[in-house]
Protein chains: 2
Amino acid sequence: MRLGLHEARSLAVQALVRAGAGDAMAASTADALVEAEAQGLSSHGLSRIGQYAAHLRNGRADGSAVAAVVRSRGGALLVDARCGLAFPACALAVAEAIARAGEFGVSLAGVTNSHHFGVAAHHLVPVARSGMVGLAFGNSPAAMPAAGGKRPIFGTNPIAAVFPRRAGAPLVIDLSLSEVARGKVMVAAKQGKPIPLGWALDREGRPTTDAQAALDGSMLPMGGSKGAMLALVVELLACALTGAAMGFEADSFFVDEGNRPRIGQAFLVIDPAALAGGDAYYARVDALVAVMLADDGVRLPGARRDALAEAALRDGIEIPDALGAQLRKLAGG
Amino acid sequence: MRLGLHEARSLAVQALVRAGAGDAMAASTADALVEAEAQGLSSHGLSRIGQYAAHLRNGRADGSAVAAVVRSRGGALLVDARCGLAFPACALAVAEAIARAGEFGVSLAGVTNSHHFGVAAHHLVPVARSGMVGLAFGNSPAAMPAAGGKRPIFGTNPIAAVFPRRAGAPLVIDLSLSEVARGKVMVAAKQGKPIPLGWALDREGRPTTDAQAALDGSMLPMGGSKGAMLALVVELLACALTGAAMGFEADSFFVDEGNRPRIGQAFLVIDPAALAGGDAYYARVDALVAVMLADDGVRLPGARRDALAEAALRDGIEIPDALGAQLRKLAGG
């Protein structure tokens with residue numbers, strides 16, 4: 001079925017409020033999920049409403065939580081999400097980081113006691129609008145082994161970055177550190193098809209082509225041990241610096257019951273004016289973009305999402321009928 | 001032949017001074033190269049002395065350059081390496097970043113007009129000694145295409161990180177973003193052996209198993225397009241923020257003639273005390289390390305290098321006779 005963005009947002013807000021989210025938490029969460037859906041990222045879109053609503057109802061997320069800055073020094077600060085949904089806490093962290101990067105040149109905002117933060121790059125939209133460079137790091141429930149290991153320890157631990165341009169949309173990089181998304185393995189398992197070697201390990205830590213065995217085991221990091229090392233870096237930035245829970249301490253987001261995940265996020269914001277200066281920064285970005293676009297087949301990162309979002313603004317979004325029905329039911333319609 | 005570390009360092013200093021490096025530049029460069037050799041990283045060790053000496057003689061590096069902080073605001077600063085060898089400029093940037101992270105919680109130090117900075121993680125040793133978390137990013141002459149592209153645009157763009165522990169050596173992560181080091185392709189080419197698909201493209205941008213064609217083409221990033229996206233992030237952090245040259249603007253380090261590379265580096269330093277606090281940080285790191293070590297086959301990153309360095313301190317280092325002879329000749333012995 002097709003939904004207009006406004007209607008989708010209203011349904012999402014109502015569903016979250018009925019599940020116990022405060023108005024501000026429901027609004028920022030709905031905005032993020034509708035934006036993801038509009039950009040074609042349906043795995044982080046409206047399909048998450050049912051999951052978040054269940055977490056709110058089961059106490060895995062506290063709908064009445066109000067995130068707050070609990071510690072700061074100069075450019076560094078820590079936001080406590082207080083076990084609410086992640087979006088208001090991340091928005092507060094990023095807004096503070098932008099202000100502090102303006103004053104101190106660079107800022108790092110950590111978020112602790114947090115929850116699933118959706119599409120990592122979305123949190124950086126206000127950073128690019130402020131003419132600043134931003135990076136985002138988050139951990140997630142354990143899915144991948146350490147280098148050389150057999151058991152899931154790290155999450156798929158997304159990394160995102162935005163780089164504003166003088167003219168044109170910012171460059172937006174956004175990736176998780178698994179070789180492939182777990183969703184691809186789930187599709188193969190449903191269809192009874194094998195998966196390529198290199199995607200996953202089984203429960204005993206052996207490489208597998210059996211999709212169901214992979215779901216019971218662990219996903220492999222991109223690029224082998226290098227990807228595992230990057231996942232370790234993200235885990236430490238997002239959790240050790242913030243005092244948050246590690247991936248192996250958080251129950252899966254994909255089940256309704258479980259603990260409060262208490263995972264962490266970290267946002268780095270840098271004002272180019274404090275280093276080479278804004279003019280030099282923009283000139284360097286333009287030079288690189290020109291060389292990239294001169295190579296056939298290279299597309300600027302973020303361009304596809306932007307095009308889909310523009311189309312969705314005009315045409316609305318297409319979602320499965322079952323998801324539409326679930327949304328209306330959760331919204332009390 | 002076997003050399004004691006002290007003797008190796010003396011030869012390196014003499015060789016660099018004879019090629020035109022000032023005493024301080026020669027000393028910090030020699031320290032870094034001997035440290036790399038001692039840690040088993042011979043591609044970034046004494047074999048570089050001949051290359052650096054040629055660059056100094058040919059004006060690709062200015063031996064009389066004195067690096068300086070040319071701009072700063074709060075936690076952010078820019079160091080101009082003034083086209084000298086990179087090591088004194090990086091040391092200055094990191095020392096400033098540690099001091100500023102102590103004051104402002106977080107610091108980002110960029111380096112512009114720089115040169116090859118060797119083993120990225122080495123610059124972070126003083127960061128870990130100060131009880132702080134550090135990240136290092138550097139670009140290098142173009143070797144890898146952008147996602148979907150056919151021509152080398154990005155360097156292999158190393159990322160390093162250090163995380164101090166309450167007890168025990170810091171966790172040290174250090175990787176370049178190519179699927180494999182170019183040295184492996186050079187070895188295959190010399191032996192006339194094929195390389196696996198996925199390592200490199202030929203000059204026309206086609207996947208190749210021909211090692212010589214790969215050397216004339218480009219290396220592939222780790223993890224496919226995700227690795228290319230990370231290389232883009234590093235290129236922009238190390239060059240756009242600092243006003244440095246992009247990888248495609250810098251001539252190869254492996255030739256004696258060429259331009260001043262003027263590439264860039266960026267160092268991020270974070271004081272855990274400004275976020276969750278030192279006790280919480282150390283406790284979280286210990287919890288993660290315990291789980292990693294409980295999984296058979298997992299080795300802490302940095303442990304192998306530490307063990308080799310300890311052995312080298314006792315036994316000296318083993319280098320090819322030809323390299324030893326070259327070193328003595330360059331040192332005027």
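How many cavities of 30 Å³ or more does the structure hold? In this predicted model, the structure holds 3 cavities of 30 Å³ or more, a cavity being a set of points on a 1 Å grid over the protein atoms alone where a 1.4 Å probe fits but cannot get out.

**View 1. The largest cavity and its lining.** The largest cavity has a volume of about 150 Å³, where volume is the space filled by probe spheres set on the grid points, which are joined across faces, edges and corners. Its lining, made of residues with an atom within 4 Å of a point, comprises 13 residues, and A:Phe137, A:Ile159, B:Phe137, B:Ile159 and B:Leu230 lie nearest the centre. Two or more lining residues come from each of β5 (133-138) and α8 (225-240) of chain A and β5 (133-138) and α8 (225-240) of chain B, with helices (H or I, at least four residues) and strands (E, at least two) taken as DSSP runs numbered from the N terminus. With 4 residues, α8(B) gives the most to this lining. The lining has 13 nonpolar, no polar and no charged residues, where Ala, Val, Leu, Ile, Met, Phe, Trp, Tyr, Cys and Pro count as nonpolar, Asp, Glu, Lys and Arg as charged, and the others, Gly among them, as polar.

**View 2. The second largest cavity and its lining.** This cavity holds about 40 Å³ of space, and its lining includes A:Phe154, A:Met229 and A:Leu232 of chain A together with B:Met292, B:Arg299 and B:Pro301 of chain B. The largest share of the lining, 3 residues, comes from α8(A), and by class the lining has 9 nonpolar, no polar and 1 charged residues.

**View 3. The crossing of α3(B) and α11(B).** The axes of α3 (residues 48-57) and α11 (residues 321-330), both of chain B, come within 10 Å and cross at roughly 30°; axes are lines fitted to C-alpha atoms over the stretch in contact, and angles run from 0 to 180 degrees between N-to-C directions. The contact (heavy atoms within 4.5 Å) is made by B:Ile49, B:Gly50, B:Ala53 and B:Arg57 of α3(B) with B:Gln326, B:Leu327 and B:Leu330 of α11(B).

**Conventions.** Residues are numbered from 1 along each chain as its sequence is written, while chains are lettered from A and ligands numbered from 1 in the order in which they are written. Local features need pLDDT of at least 70 and side-chain atom pairs count only at pLDDT 80 or more, whereas totals for chains, interfaces and linings use all residues, and side-chain values use heavy atoms, with hydrogens and water left out.

Terms used. 1 Å grid on protein atoms, 1.4 Å probe; cavity = no way out; pocket = protein on both sides within 12 Å on 5 of 7 lines; lining within 4 Å. Left-handed = near helix turned anticlockwise from the far one by under 90°.
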